[in-house]
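This report describes how two parts of one chain meet. Please consult the sequence and the model alongside the text.

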Amino acid sequence: MLRKLLCAAALIAVSATGVLAEGVDELNPDVAKRLYNKDMLDPMQPVGPSKWRDFKPKKGPPWKIGYASSYAGNTWRAAAMDELQNVIVPEWQKLGLLSEVVVTQSNLNDSTQIQQIRQLVDQGADAIILCCSNPTALNASVKYAADKGVPVFSMTGYLTSEYAVNSSVNYQVGGYEIGKAMADQLGGKGNVLVVEGIPGTSGSDSQNRGVLAGLASSPDIKVVGSVAGMWTDQVAQGEVQKWLATNPGKLDGIVVQSAAEMGVLRAVQQAGRGEIPVAIGGELGALCHWRKNPNYINAAFQLWPPADDIELMWHIMMRTLQGQGPKVQSILVDPVKLTHEDLTKVMDENCNLDSAEWLKVGSKRWGYDPSYLDDFFLHPADPRAFKP
């Protein structure tokens, strides 16, 4: 009896130190320090233990998946959809793990997306993927799905629902690196225009918070304006053109969220404002501009390569459906930094300046390789080898 009491007391003491705590404490300490540090994490980002740790699906494969997309009007969404339809679906159907993917579009209307999520649940979806949505508006529909045994997965942005599984880069970390890189490129002094994504979405707001912190790392950097590019080249081009026309003063740099850097580059060129450095993400046309002009910027940062983002979410979803048990609510990855030397290895000088395609960084750099993703699951296994 004494031995049992001593063992119980020891377990209580260990638990009190946090060693046995569920969630972030179960992750690789280096990853936890880098990506889950509260000082460099969106304060609303859910990072507690996942509600789906002990989940077992209602039935085995092949599974029916719903993709409740919020928007289809930019190059990022097109690239993600291309990866889904032409790479992911054929592969996982051949593996016998997927029956079909049902796609809906809500065109940034939360009420429509809520209705579509419920319809997907009622139509027999075994899991639902969302993209880039309002962090709180969909929570009731996520709970509706969870009550029916249907997990909801939010990629490239988070939902605050305790029943959601989220995946993305740590946008605040990525935004900080982009902002600081611009500040460093300008020698710590200058006027900068900030082009946000879609204000009110978690990915945009988190990244913008990081960008402003990165720019503020140099006290002589001044943010002279901010516009919403809506993650769309045409929108960003129009908004920046209007801003430049009404603000003829000195402008030294522009920080923009993908997918809008192509539009911003065109706006600057059409305004005749010279070679103002514009932050570049993953659009191939913008990367081509840098490839042809090596001294244009010092580095590019990939925060949401579309093909990789949907691959990461797909692997997380399939692992969860297989009962592997996600440890945390949000599975985060590091931004990928590219130097010009890196770019020369994947793009030659004969590249297309008008390309609307995106750079794919690959599984090892975006977290869906087992060497990284296994650590986020209680019972990790190769999801492609699953046998019910």
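How many salt bridges are there between domain 1 and domain 2? The count is two, a salt bridge being a side-chain nitrogen of Lys or Arg within 4 Å of a carboxyl oxygen of Asp or Glu.

## Basis of the model

The model is predicted: local features need pLDDT of at least 70, side-chain atom pairs count only at pLDDT 80 or more, and totals for chains, interfaces and linings use all residues. Residues are numbered from 1 along each chain as its sequence is written, and side-chain values use heavy atoms, with hydrogens and water left out.

## Domain arrangement

Domain 1 comprises 24-168 + 305-333 + 362-376, and domain 2 comprises 171-279; these bounds come from an automatic or database domain assignment. Taken over C-alpha atoms, the centres of domain 1 and domain 2 are 29 Å apart. To the contact (heavy atoms within 4.5 Å), domain 1 supplies 21 residues and domain 2 supplies 17 residues.

## Buried area

Between them, domain 1 and domain 2 bury about 1400 Å², with 55% of it on carbon and sulfur atoms. Buried area is the accessible area (1.4 Å probe) that two parts lose on being put together, summed over both. Within domain 1, the most area is lost to domain 2 by Arg34, Met40 and Asp42, which together account for 32% of what that side buries.

## A charged pair

Asp42 also forms a salt bridge with Arg209, in which the closest N and O atoms lie 3.3 Å apart.
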